[in-house]
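Work through these exercises with the sequence and the model side by side. Try each task before you read its solution.

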Amino acid sequence: MSKPKSAPADAKVESIEPLKGKDARWTKLVKITYRDPTGQHRTWESAERSTRPPNSSIDGVGIVAILQKPTGPELLLQKQFRPPTDKVCIEVPAGLIDAGETPEECAVRELREETGYVGVAQKVERMGGMGVMFNDPGFTNTNLCMVHVSIDTSLPENQPENLKPELEENEFIEVFSVPLKQLWSECQKLEGEGYAIDARVGTLAEGIEVARKWGL
């Protein structure tokens with residue numbers, strides 16, 4: 001799997017200071033006034049991304065990328081330093097949607113750019129809103145679609161020597177994979193080593209563990 005010349009673990013937060021709204025490039029704070037079930041008016045502080053394209057109902061995608069291997073399915077994961085946590089996070093590939101893109105198109109593009117892999121996306125089901133997930137609805141309206149992408153490891157373009165990620169100059173991503181049946185134990189191991197586990201990865205591991213426990 002890919003390892004950048006400059007590893008995510010080499011990064012470190014050096015200072016934290018208040019940010020004025022006029023200086024923010026990617027986010028904004030808003031005050032929401034709403035009416036509760038009793039009719040009383042209340043206010044709520046919230047953060048929003050300022051990058052959502054016009055006419056788009058989502059901010060981006062998370063990618064459940066499955067490597068089809070003879071030994072069984074493996075989940076593609078990433079190590080990436082995230083300044084708000086001051087830790088290297090274990091994440092699924094993800095990214096913001098571009099204007100005019102479908103979630104499926106965004107997922108295939110982001111997967112190729114971040115990992116080099118070429119995959120095929122399954123269509124996102126939007127019946128009843130099942131395709132949209134909210135990251136932290138008590139704090140922000142930021143949302144995403146989780147898109148499942150299959151990667152055929154027998155294809156020439158998906159051989160290790162042919163993988164060519166197209167990272168931006170401020171992206172330092174290390175790619176690795178974990179057998180799906182070992183995801184829970186691997187998350188425990190990585191957390192013990194000091195990594196932060198992204199909620200999408202942790203929730204997927206929890207789901208697999210619950211299904212195993214209850215025989216679902």
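**Exercise 1. The end of α3**

Task: Which residue just after α3 takes a positive phi, and what caps the N-terminal end of the helix?

Solution. The model is a predicted one.
- Step 1. Go just past α3. G215 has a positive phi of about 65° there.
- Step 2. Go to the N-terminal end. D198 is the cap, with a side-chain oxygen 2.8 Å from the backbone nitrogen of R200.
- Step 3. Check the length. α3 covers residues 199-214, which is 16 residues. From first C-alpha to last, α3 reaches 22 Å, close to the 22 Å expected at 1.5 Å a residue.

**Exercise 2. The buried face of α2**

Task: Where do the buried residues of α2 fall when seen down its axis, and what covers them?

Solution. 
- Step 1. List the buried residues of α2: L183, E186, C187 and L190.
- Step 2. Seen down the axis of α2, these buried residues fall within an arc of 100°, so they line one face.
- Step 3. Name the cover. It includes β4, β5, β10 (173-179), β11 and α3.
- Step 4. Step past the helix. Just after α2, G194 takes a positive phi of about 105°.

**Exercise 3. The cover of α1**

Task: How many residues of α1 are buried?

Solution. 
- Step 1. Check the span. α1 runs over residues 103-115. At 1.5 Å a residue, its 13 residues should span 18 Å, and the end C-alpha atoms are 18 Å apart, which agrees.
- Step 2. Count the buried residues. They number 10 of 13, and α1 is mostly covered.
- Step 3. Name some. Among them are P103, C106, R109, L111 and T115.
- Step 4. Find the cover. It includes β3 (60-69), β4, β6 (94-96), β7 (120-121), β9 (143-152) and β10.
- Step 5. Look just after α1. G116 has a positive phi of about 90°.

**Exercise 4. Rings and a charge**

Task: How many aromatic pairs does a search of the whole structure find?

Solution. 
- Step 1. The search finds 1 aromatic pair.
- Step 2. Classify the pair. The ring centres of Y34 and W44 are 6.4 Å apart and the planes are at 65°, so the pair is edge-to-face. The cut-off for that class is over 60 degrees.
- Step 3. Y34 is in strand β1 (residues 27-35) and W44 in strand β2 (residues 41-49), so the pair ties together parts 10 residues apart in sequence.
- Step 4. Y34 is partly exposed at 29% relative accessibility. W44 is also partly exposed, at 39%.
- Step 5. The charged end of K79 sits over the ring of F176, 5.2 Å from its centre.

**Exercise 5. Sequence against space**

Task: How many residues apart in sequence are P179 and E74?

Solution. 
- Step 1. They are 105 residues apart in sequence, and 4.1 Å apart in space, C-alpha to C-alpha.
- Step 2. Check contacts. Leaving aside neighbours within four places in sequence, P179 is in contact with P73 and E74.
- Step 3. P179 lies in strand β10.
- Step 4. Take K12 and P53. They are 41 residues apart in sequence and 31 Å apart in space, C-alpha to C-alpha.

Terms used: Residues are numbered from 1 along each chain as its sequence is written. This is a predicted model: local features need pLDDT of at least 70, side-chain atom pairs count only at pLDDT 80 or more; totals for chains, interfaces and linings use all residues. Side-chain values use heavy atoms; hydrogens and water are left out. Helices (H or I, at least four residues) and strands (E, at least two) are DSSP runs, numbered from the N terminus. The expected span of a helix is 1.5 Å times one less than its number of residues. A polar contact is a pair of N or O atoms within 3.5 Å; within protein, one must be able to donate a hydrogen and the other to accept it, and residues adjacent in sequence count only if both atoms are side-chain atoms. Rings of Phe, Tyr and Trp (its six-membered ring) pair if their centres lie within 6.5 Å; planes under 30 degrees apart count as stacked, over 60 as edge-to-face and the rest as tilted. Buried means under 20% relative accessible area, exposed over 50%, partly exposed in between (1.4 Å probe, protein chains only). A charge sits over a ring if NZ of Lys or CZ of Arg is within 6 Å of the ring centre and within 35 degrees of the ring normal. The arc is that of the directions from the helix axis to the C-beta atoms. Contact means heavy atoms within 4.5 Å.
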